[in-house]
Amino acid sequence: MAVVVADMSISLDGYVTGPNDSRENPFGDGAGMLHDWFGDAATDEDRAILQQLMDGLGAVVMGRTSFEKNEGDGGWGEAGPVGDVPCFVVTHHAPSRSYPSVFTFVTDGVAGAIENAQQVAGDKVVHLFGATVMQQTLPLGLVDEIHVHVVASLIGGGTPLFGMLDTAISLERTRAVITPAATHLTFRVLR
Amino acid sequence: MAKVVAQAMMSLDGYVAKQDNTIGRLFDWLQNGDVAIPTPAADFDVHLTPEGAEHWRAWVLSIGALVCGRTLFDVTDGWNGRHTLDVPVVVVTHQVPTDWVAAHPDAPFSFVTDGVEVAVARARNSPETATSPSAAEPWPGNASTSVYSMKWPSTSCRSSWARATAHSSGSSRPRTSYSATPPSAGRRSRHPPGLSRDQVSSVSTSPGRPKMIKISSKVARRNGFHSEDHSSPRCRDMHRRVARIPRTIPGRSQSTIRTGCRIPAGKPGEPSR
């Protein structure tokens with residue numbers, strides 16, 4: 001079964017966007033540096049990590065917020081977040097208009113979306129896109145791995161990657177790569 | 001000047017303690033290796049991996065003083081007066097824990113009620129973090145700064161005894177001056193400055209009891225007087241000197257100095273003269 005991975009760039013204080021994020025300002029205020037590690041500041045090691053991520057991608061699961069922020073004109077255009085990799089959007093209501101076929105809208109909950117994504121991904125990886133989906137699935141035991149790219153910055157507000165948990169979740173760190181641009185940490189979720 | 005470092009053992013989601021202030025697995029790494037190292041206070045051994053041991057040794061050596069908040073102080077009960085890393089601790093708090101201070105008279109703990117900036121400055125100026133002896137500054141002399149401090153670690157603190165002699169200048173209020181008379185040979189004495197009449201707000205004398213002189217806290221501090229622990233009728237040795245700012249004690253606005261007992265204020269860590 002396809003491995004389910006949450007893979008996000010975060011500030012040291014754990015934010016994936018700054019405050020006031022919107023379609024016009026997708027990363028929020030003061031958070032532009034979060035993705036420099038695969039942009040302007042990328043070293044060969046960073047690029048290798050990004051390439052490995054892209055090569056292993058079988059399907060994407062995201063929430064409605066991430067979808068609305070990035071789809072269409074000015075965002076992903078006619079494609080999904082990763083070209084034509086199938087993308088499952090968890091939402092309460094199916095959209096009224098049509099969207100590119102790369103998107104499938106799932107209205108019966110996040111577990112169903114992940115199941116669909118795993119079937120499509122085959123022996124590749126299912127990526128959780130955005131904080132909401134990860135916060136929903138982690139307590140359900142549906143996340144296999146957490147990959148964070150920690151950027152040397154304190155944003156101080158915005159969208160936190162992690163939400164509240166009723167009980168602690170143990171992790172096992174399986175990889176740590178330090179580059180000038182980011183600290184890349186890979187964890188396996190222990191169950 | 002000493003570098004200020006914020007450090008924490010935290011979970012991936014950024015917590016340093018649970019809701020109930022317990023630490024769960026956060027400190028597990030201190031006991032998951034084979035390299036045994038006693039803590040500086042020798043209260044227990046850590047057992048670290050070789051990499052962890054290298055990190056631990058360098059970290060412990062680098063620390064000269066700690067600044068913490070009242071929550072951590074309360075949760076640990078002030079580490080029974082001696083932090084595991086065996087360094088002075090400056091606690092940021094609204095109210096000084098006077099009972100704890102009385103119970104731990106030798107603890108190298110300071111309590112700052114004027115905010116974290118003052119606390120950090122205090123920690124920077126502790127003898128352990130000062131780059132040179134002259135960099136250690138005396139306690140703030142401003143009466144509005146409430147720094148409640150206990151003795152800094154020092155190998156030579158001596159007490160000096162003074163006996164108050166009141167002599168009348170002919171006016172209705174006695175003019176009081178203090179002269180230092182060592183109670184026994186070998187103790188060094190110090191001549192205190194005289195107090196003028198208007199510095200003494202009241203004098204009370206009960207037969208068979210020491211004369212009680214009330215002076216303001218500002219006068220007390222400037223002249224190196226410290227009110228003694230009111231739970232004991234005796235003066236305390238220099239090793240147990242306590243600087244009280246009466247403003248921190250609810251309802252009290254003045255120091256009560258018992259004649260016959262005076263603990264000179266020196267710079268922290270310096271022997272009295």
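## Salt bridges in chain A

A:R47 is partly exposed in this predicted model, at 44% relative accessibility (buried means under 20% relative accessible area, exposed over 50%, partly exposed in between, with a 1.4 Å probe and protein chains only). Its partner in a salt bridge is A:D44, at 3.3 Å from N to O; a salt bridge is a side-chain nitrogen of Lys or Arg within 4 Å of a carboxyl oxygen of Asp or Glu. A:D44 is exposed, with 59% relative accessibility. About one helical turn separates A:D44 and A:R47, because they are three residues apart in helix α1 of chain A. Helices (H or I, at least four residues) and strands (E, at least two) are DSSP runs, numbered from the N terminus.

A second salt bridge joins the side chains of A:K69 and A:D21, at 2.8 Å from N to O. This pair links distant parts of the chain, 48 residues apart: A:K69 is in helix α2 (residues 64–70) of chain A, and A:D21 is in the loop between β2 (15–17) and α1 (44–55). A:K69 counts as buried at 15% relative accessibility, whereas A:D21 is partly exposed at 29%. In the salt bridge of A:E172 with A:R188, the closest N and O atoms are 2.5 Å apart. A:E172 lies in strand β9 (residues 171–178) and A:R188 in strand β10 of chain A, 16 residues apart. Both are partly exposed, A:E172 at 34% and A:R188 at 39%. A:R23, A:E71 and A:R97 form a network of salt bridges. Over all chains, the structure holds ten salt bridges.

## Nonpolar cores

A nonpolar core is a set of buried Ala, Val, Leu, Ile, Met, Phe, Trp, Tyr and Cys residues joined through side-chain atoms within 4.5 Å. The largest has 31 residues, of which A:V61, A:L128, A:I146, A:V148 and A:L161 touch the most other members. Elements of chain A that each supply at least two residues of this core include β1, β3 (57–63), α3 (110–121) and β10 (183–189). The most, five residues, come from α3(A). Another core, of 24 residues, lies apart from it and includes B:I37, B:V46, B:C68 and B:V101.

Contact means heavy atoms within 4.5 Å. Leaving aside residues up to four places away in sequence, A:L128 touches residues including A:V5, A:M8, A:V61, A:I114 and A:T137. A:T137 lies in helix α4 (residues 131–137) of chain A and is buried, with a relative accessible area of 0%.

## Interface and chain B

Nine residues from chain A and five residues from chain B make up the contact. The two chains bury about 570 Å² between them, 69% of it on carbon and sulfur atoms; buried area is the accessible area (1.4 Å probe) that two parts lose on being put together, summed over both.

Chain B has five helices and eleven strands. Of its 273 residues, 40% count as buried.

## Conventions

Residues are numbered from 1 along each chain as its sequence is written, and chains are lettered from A and ligands numbered from 1 in the order in which they are written. In this predicted model, local features need pLDDT of at least 70, side-chain atom pairs count only at pLDDT 80 or more, and totals for chains, interfaces and linings use all residues, while side-chain values use heavy atoms, with hydrogens and water left out.
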